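Work through the exercises below with the sequence and the model side by side. Try each task before reading its solution.

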Amino acid sequence: MDTTNNTETARSQLPATPVFLFVWQTNGFRKIAVDDVSYLEASRNYCSICLSDGSHILLSVPMLQAGEAFPSWKFIRISRSHIVNMDYVDTLRGNMLYIGEKGFTIGTGFRQAVFSSFRFLGSNSKRINSG
């Protein structure tokens, strides 16, 4: 019996991006679900992973490095200081993006990429979609 094909088939059915990540905390690695991460926030050489339950995990890793661990089709950089999970975005208004009541400024250099990541419908959608 050839188990190689079964193993390859099983691997090909795995998600292309991680479902969970292990992040370092005081004395060990903590398992977090990627879907529970609402945004990442930079602070110099540190990155705070902000979870949907309101808790934060502070890492001594630059945001650029931390952001590479998250799927790019789901997480988008909106400024030098923030990467957001698009599933948690509630409102886009002007140059602001909101996750719940928390507002984030969309950086000028990131605006086109941010708006092209969403679909719009309504009276201003042509203006937004055309840049």
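**Exercise 1: a serine in a strand**

Task: decide whether S48 is buried or exposed, then list its contacts.

Solution. S48 has a relative accessibility of 12%, so S48 counts as buried. The cut-offs are under 20% relative accessible area for buried, over 50% for exposed and partly exposed in between, with a 1.4 Å probe and protein chains only. Strands (E, at least two residues) and helices (H or I, at least four) are DSSP runs, numbered from the N terminus. Then list the contacts, meaning heavy atoms within 4.5 Å. Neighbours within four places in sequence aside, S48 touches Y39, L40, E41, H56, I57 and L58.

**Before going on**

The model is predicted: local features need pLDDT of at least 70, side-chain atom pairs count only at pLDDT 80 or more, and totals for chains, interfaces and linings use all residues. Residues are numbered from 1 along each chain as its sequence is written, and side-chain values use heavy atoms, with hydrogens and water left out.

**Exercise 2: confidence**

Task: find where confidence is lowest and where it is highest in the protein chain.

Solution. pLDDT is the predictor's confidence in each residue, from 0 to 100. The chain averages 86, and 80% of the residues score at least 70. Helix α1 (residues 3–12) is lowest, at a mean of 52. Strand β7 (residues 82–85) is highest, at 98.

**Exercise 3: a serine in a loop**

Task: locate S79 and find what its side chain reaches.

Solution. S79 sits in the loop between β6 (75–77) and β7. S79 is buried, at 9% relative accessibility. Its side chain reaches the backbone nitrogen of H82 at 3.1 Å. Leaving aside neighbours within four places in sequence, S79 contacts M63, T105, G107 and F110.

**Exercise 4: salt bridges**

Task: trace the salt bridges that involve K74.

Solution. A salt bridge is a side-chain nitrogen of Lys or Arg within 4 Å of a carboxyl oxygen of Asp or Glu. The structure holds two. D35 pairs with K74, with the closest N and O atoms 2.6 Å apart. This pair links distant parts of the chain, 39 residues apart: D35 is in the loop between β2 and β3 (37–43), K74 in the loop between α2 (63–67) and β6. D87 also meets K74, at 2.8 Å, N to O. Shared partners join D35, K74 and D87 into one network.

Note on methods
Polar contact = N/O pair within 3.5 Å; in protein donor to acceptor, adjacent residues only side chain to side chain.
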